[in-house]
Amino acid sequence: MQNYQVTLFLSLFLLLISFEGQTYHIVGGEITYECVNAQNGTYDIQLVVYRDCLGNGAELDDPAYLFIYENKTLKQRIVTGLDRINRVAPPEDICIQTLPDVCLQKGEYKERVTLGPTDFGYTIVYQRYSRNITIANIRQPGETGSSYTAFIPPSDLAACNNSPIFNSFPPTVVCANTKLRIEQSAFDVDGDSLVYALCNPLIGGSNMCVQPGSPQQCDPPRAPAPPPPYPSVSWISPYNANNPIGGSPNLTIDPVTGILRGFPDRIGQFVVGICVTEYRNGVEIGNIKRDFQFNIEDCEIVSSAVEANEITVTGSFLINNCQGGYSVLFVNESIGAKSYEWHFDDPTTEDDFSTEVNPLYAYPDTGTYIVQLIGYSFLENCIDTAFIEVKLYPGLNVDFNVDGVCTGMPFQFEDISQMSFGEAEDWTWDMGDGTIIEGEANPVHVFNQGGDIEVNLEVITNLGCRFDTTKTINVIDRHIPSFEVQTSCFDGDVQANITSNIGALADWTWDFNDPLALGESNPNEANPRHSYTLPTDDAQRHIIRLLIEDRNGCITEQRQTINLYPDFEVQVGDGHEICEGQSVQLTSSLPFDWLTYEWFPQTGMDNPNTLNPVVSPNRTTTYQLIAKDPNGCEKRGRITVTVHPTPPITLSEGGSICLGDDFDITANYTGDAELRNISWTGLGTNNQQDLAITVAPTRNSDYTIRVIDEFGCNNSATISVVVIPEVTVNAGQDTSVCVGEVINLAGSVGNADDFAWNLDQDLSGTDLLNPAAKPSQDKTFTLNASNSCFEASDEVFVKVNGRPEVSTAFDSIRIDIGDSIQLDGGSSISASWSPPETLDDPLSPSPYANPIQNTTYYYTSIDVNGCAGTDSITVYVNNIFEVMLPTAFSPNSDGLNDDFRIIRQRGLKELVELSVYNRWGDKLFSTNRFDKGWNGMKEFKHQPMGVYVYYVRAITLLEEEFEYKGNVTLVR
């Protein structure tokens, strides 16, 4: 289509603040792909992103970051540079007088990737934050990003699939209060069936990760997009995926042609999602999604269009008039036009035009004609032109025959179409059961389900004519019989029983597949018997066939396979004798690998399904090995394991003795078997072999008797003898303390049941090993301990030292703020003052103090015994803040009183300003240094004699402001 207007470029009509412009203006996008190599799964991935280029919005990403997921697993990360940027021309059907000032850029990215085969399919995703804040149909658009996705199908569905590709750009400007008709079809190079639908645009990205994958735009850097699925935008009522722009009628899309229709009645910006799903042989294999922003404006449109009965994969409109006569009725679908001009491309006349809305034109002959429709708006120079291809080859009659009756049997289809012009060159059969057959004129098809089935045939001629017809055929369900075969064991008899679900049968035949058969029993009955000769060395396979024909003529064959196996014996080993609690391995063998086996009983057996299990019975047990062939025939073998009991032996009770005493131990044996060996272990047993012994252990000891009977079974018993040792006591090392101090005694005892210190008023308690002691004079403390056999005691001596006398000479002293005073604590082995913050050396006996507020200093002196004495002195601080300046100065370079400066200051820590002014208020000099003065000059000029005003501003040591001003006389 075209209209006669200057070329303008699209842009969104947004007014955004500069900050918002850094992230907004991305208005849509889509991902498509092309298969390059089927063997290794190589694809060319193409990303298209649309950007509003009016204003200061976000630039197109360079690079862009895409992610490919297989199910939930990240398969590959793609970093691709911006391949090219194109400015998209404005819609050609909008009248130039009303065309909004708009601008659109299209950015294209392309990257080749090798993915390999896949069982789950691949999802490709690119995410970008955020959308324009003025979008009217979703919530918080300025805080909502986008996810552009495409799906590559699993390898078993389509090993090398190519995605659909849209034939035209989406419109960015749509006129309000005008019928909307927009072609959004796509082309699929594989010839797959495409189904179009409106769908939900997807969310992606965030203010913390504007473009997932970016090292600069994400926190953390390079954070990937998450795996699918992705959430949808949040719609504002009444908008939704199927009603994204409102109006009446609301926006719809033709699922076959991809044509959008509607009547928008509100100006604004609206997000729209378009999904294209691919089907191959009736099975969904892949999809792509277009996410775009429609801008509905107040404008006038003229769009010429003619109703067509076909749109090609490249987007061309066709009228196929291949059934009727030579007259064609043209149905006008134009929008916004007030008058029309038709040109019918008839070379036989110059009168092949019309101004009717829906003209009927009679062509003189067959052929292909390019018809032109020009629509005129009421606005000057606002017109639009549409072209449509007319294929006029009447006489095409599509028909077919079919030969077939039953499910599961072949149906032969035959194309019997007739055509007056051209010949058939392509066929598409829709068998009505999900099967599509293409390119065959006379296909054969097997139906697996019966009933009335609609079969459709579409025929395409070499002249481009396309027509189809549908017939209903009746497919009869075959009645599938069933039978069961039961085999007896090793007697050569096979029983075959049939249970039929077909009702009355026309005929049946049995085939027992037995070349050695000597005779058959009732082979024509529904439940026959047949005897096979049993094999001797190996299994034999027989296929029993039942061939049935029902009264509809449907033939069904059922088969069952039986296997016959030779006889066999189970070989097991000899019996075993074990002691209670022991294990033994059983041994056995079988002649054929196909035999299954299991042991019984299974209690105490490690694996009942092995030929040689390990068993641990607690009593004498006979085990059976049961072996079965695949038909369930079984043989058994038996083996007995005799279990001898453990020799019963007990000991007299253990006990305790004092160190140096004896202890008697007696063993009691109550078994029937003869004992062959007796042995003892423990201190002082000396290899004794009697049932009664006497021991004298020097420490705790366990005594064990071990016996072995005539069957080699053994048992043991153990008792413990506790030896009570002598008591040990340690009251600790002698020590010393300063008078008034508390010390913890360090007592310890060994092998004691009880202990206590002698009762003393200077102890915190007598029942503690480490009591606190505060003696006022030298003292000895005694610790006593005992057990049931022994007792002992020990002493510790504590010497008590006096404290040194300390004096600071004065109780208090007064200084001016900023001054220092030397404190004097006298001589000392070790001295310390506190607080230390305003002292030059807090560890010196005579430090200098420089407090800025009243402070009490505490002096601590430690003598040779480590005892400390303490005294204090308080320093009172006079808060005196002053500066002293001369009343006159003579800057004559004689070295005397040549400049005006602060002579002395007290209580000030920082000079903010010393300034000098003349009588007119001009500042002649200023400094913030105490040691700098004025030399009587201003800009290298001597100032005249006279009186000058000075101003002082400073910070005191107390962080307060200090101000002072006065006069000074300059003398020459």
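**Entry 1: ground rules.** I number residues from 1 along each chain as its sequence is written, and my side-chain values use heavy atoms, with hydrogens and water left out. As the model is predicted, local features need pLDDT of at least 70 and side-chain atom pairs count only at pLDDT 80 or more, while totals for chains, interfaces and linings use all residues.

**Entry 2: empty space.** Rolling a probe the size of a water molecule over the atoms shows where empty space is left. I work on a 1 Å grid over the protein atoms alone: a cavity is a set of points where a 1.4 Å probe fits but cannot get out, and a pocket is an open set with protein on both sides within 12 Å along at least five of seven lines. Lining residues have an atom within 4 Å of a point. Grid points are joined across faces, edges and corners, and a volume is the space filled by probe spheres set on the points.

I looked up the largest pocket and found about 1400 Å³ of space in it. Its lining has 44 residues, with Ser-193, Leu-194, Val-256, Glu-458 and Arg-466 nearest the centre. Among the elements giving two or more residues to this lining are β13 (193-198), β16 (268-280), β31 (451-461) and β32 (466-475). I name strands (DSSP runs of E, at least two residues) by counting from the N terminus. I sorted the lining by class, with Ala, Val, Leu, Ile, Met, Phe, Trp, Tyr, Cys and Pro as nonpolar, Asp, Glu, Lys and Arg as charged, and the others, Gly among them, as polar. That gave 15 nonpolar, 13 polar and 16 charged residues.

How many cavities of 30 Å³ or more does the structure hold? I found two.

**Entry 3: rings.** I pair rings of Phe, Tyr and Trp (its six-membered ring) if their centres lie within 6.5 Å; planes under 30 degrees apart are stacked, over 60 edge-to-face and the rest tilted. I found 24 aromatic pairs in the structure. One of them is Phe-400 with Trp-429, edge-to-face at 5.2 Å centre to centre and 70 degrees between the planes. This pair links distant parts of the chain, 29 residues apart, from strand β26 to strand β28. Buried means under 20% relative accessible area, exposed over 50%, and partly exposed in between (1.4 Å probe, protein chains only). Phe-400 is buried at 1%, and Trp-429 is buried at 0%.

I also checked for a charge over a ring (NZ of Lys or CZ of Arg within 6 Å of the ring centre and within 35 degrees of the ring normal). Lys-471 lies over the face of Phe-400, 5.0 Å from the ring centre. Arg-290 has its charged end over the ring of Phe-166, 3.9 Å from the centre.

**Entry 4: strand β3.** Is strand β3 (residues 64-70) mostly covered or open? It is mostly covered, with seven of its seven residues buried. Ala-64, Leu-66, Ile-68 and Glu-70 point one way, and Tyr-65, Phe-67 and Tyr-69 the other. I count strands as paired if DSSP finds at least two bridges between them. β3 and β4 are antiparallel over seven bridges, and Tyr-65 stands opposite Val-79 in β4. Four bridges join β3 to antiparallel β7 (residues 122-128), where Val-125 is the bridge partner of Phe-67.
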